[in-house]
Amino acid sequence: MVSLYRTIDAMAMNKFNVFHWHIVDSPSFPIALDDQISARQNLPLSQLAAKGAFSDKMVYSKKEITDFVDYAMDRGIRVIPEVDMPGHAWSWSKAFPEITTCLDGFPSYSRFSAEPPSGQLNPVHPKTYQVIQGVYDQVLPLFKDKFAHGGADEVNFNCWNATASVTELMERKNIPRSKEGFDRILDGFTERQHEMLRQAGKRPIVWEEPLLAHDLTTIKENKDTVVQVWTSAENIKKTVRQGYDVITGSADYWYMDCGFGDWLGNWTMGKSWCAYSDWQKAYSFNPLQGLNTKESKKVLGGEALLWGEQVDNTNLDTKLWPRASAVAEVLWSGNSDDSSTGLWDGRKQKKNTLRTIEALDRINEHRFRMEAEKILAEPLQPLWCVKNPGHCNWPILDTKPEDLES
């Protein structure tokens, strides 16, 4: 966990105050839990990590988690957990195969999931909810924050359409095997999941799909659900104007893992699914652009997101810092001379009022502060440029280039 602690230290230096921990996903279930054995049920929850983690050395004990949460809190940083479901659930299958479906559809995993290994929770199996409740009973108390992230991104209806128990229930209840029908199935799952979160005193966060792609009734009836927008900056407006609080971290600006090449072994194009955001692009994003003051208050904050498919302790620092420093300044101070506070009126921002040149000198200096604290923040410019601020900006010519050529 050394790299996670170092990330908390770097976040504190950059005044980030929330660590969103996407702690469980399809490839690995790394939380060591206790079995729940009684006369009524037999839930060997310890097997989730024993069989579903990458290795027994890549598992977090409960004490390690609570120590980490306390360490972050001592530095002014809240930790919000995410146990993603019902998609991204292959790692549950090793311990509980009966509650999972469409597992590891190799070689055609893309029929059932965005990336391998495919696997989703079965929304009609009664034991699914017993296991989720058992997981929540042990995981949620480890985190002190009032929010918990429920996931719900990239749910693949082809998976459930290929699952006999799901389609048989739909037939019995006259639910059509259409998008609208599977939305009803997902809605029932989400309602039960969020009820567990609320009973544990947590306010649910979901990715944008339950609202914008599936239009779930349980989301519409519970406006306290926080929606995390990720696919497009334009979806911020769509979400706040439906009355929801928003967390933003748009992939077209603030995904720190994008642009480093794809991980598919037979994909020769060499491009990841989203484009690289240099610090200037990250700095240019105003999540409140086009929102009025009332709408702006529905944006609770934003995230610099770093997904872990191609990240470990060897490159975590360089992928985050100091590009994420630019994100922090945008969230706290805005990126424009039109920005007097963190909640500025984005309608007034003009492209030529961005403080990019001024920000670069600050970020360059801050990068050296992080380096002094053993945070491996990458350089943004040649060292000569850093030592001679402003001398590496695009030159302003007194004579037109075409006149020079003649």
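Q: Buried means under 20% relative accessible area, exposed means over 50%, and partly exposed lies in between (1.4 Å probe, protein chains only). What share of the residues in this chain count as buried?

A: Of the 406 residues, 50% count as buried. Please note that this is a predicted model, in which local features need pLDDT of at least 70 and side-chain atom pairs count only at pLDDT 80 or more, while totals for chains, interfaces and linings use all residues. Residues are numbered from 1 along each chain as its sequence is written, and side-chain values use heavy atoms, with hydrogens and water left out.

Q: How many helices and strands are there?

A: The chain has 18 helices and 11 strands. Both are DSSP runs numbered from the N terminus: helices are H or I with at least four residues, and strands are E with at least two.

Q: Why is the chain described as being as compact as a globular protein of that length?

A: Its radius of gyration is 23 Å, close to the 22 Å that the globule rule gives for 406 residues, so the chain is as compact as a globular protein of that length. The radius is taken over C-alpha atoms, and the rule is 2.2 Å times the number of residues to the power 0.38. Along the principal axes, the C-alpha atoms fill a box of roughly 85 × 45 × 45 Å.

Q: And which contacts join residues at least 24 apart?

A: These make up 68% of the contacts between residues at least 6 apart in sequence. A contact means heavy atoms within 4.5 Å.

Q: New topic: how many salt bridges are there?

A: The count comes to 17. A salt bridge is a side-chain nitrogen of Lys or Arg within 4 Å of a carboxyl oxygen of Asp or Glu.

Q: What does D34 pair with?

A: D34 forms a salt bridge with K62, and their closest N and O atoms are 2.9 Å apart. D34 lies in the loop between β1 (18–24) and β2 (36–37), and K62 lies in helix α3 (residues 62–74), so the pair ties together parts that are 28 residues apart in sequence. D34 is partly exposed at 45% relative accessibility, and K62 is partly exposed at 25%.

Q: What about R241 and E295?

A: Their side chains meet in a salt bridge, at 3.1 Å from N to O. R241 is in the loop between α10 (234–240) and β10 (246–248), and E295 is in helix α13 (residues 293–296), so this pair ties together parts that are 54 residues apart in sequence.

Q: Is each one buried or partly exposed?

A: R241 counts as partly exposed, at 48% relative accessibility, whereas E295 counts as buried, at 17%.

Q: Where do R369 and E365 lie?

A: Both lie in helix α16 (residues 356–372), 4 residues apart, which is about one turn of the helix.

Q: Last one: where is T163, and which residues does it contact?

A: T163 lies in the loop between α5 (157–161) and α6 (164–172). T163 is buried, with a relative accessible area of 6%. Leaving aside neighbours within four places in sequence, T163 is in contact with T101 and N122.
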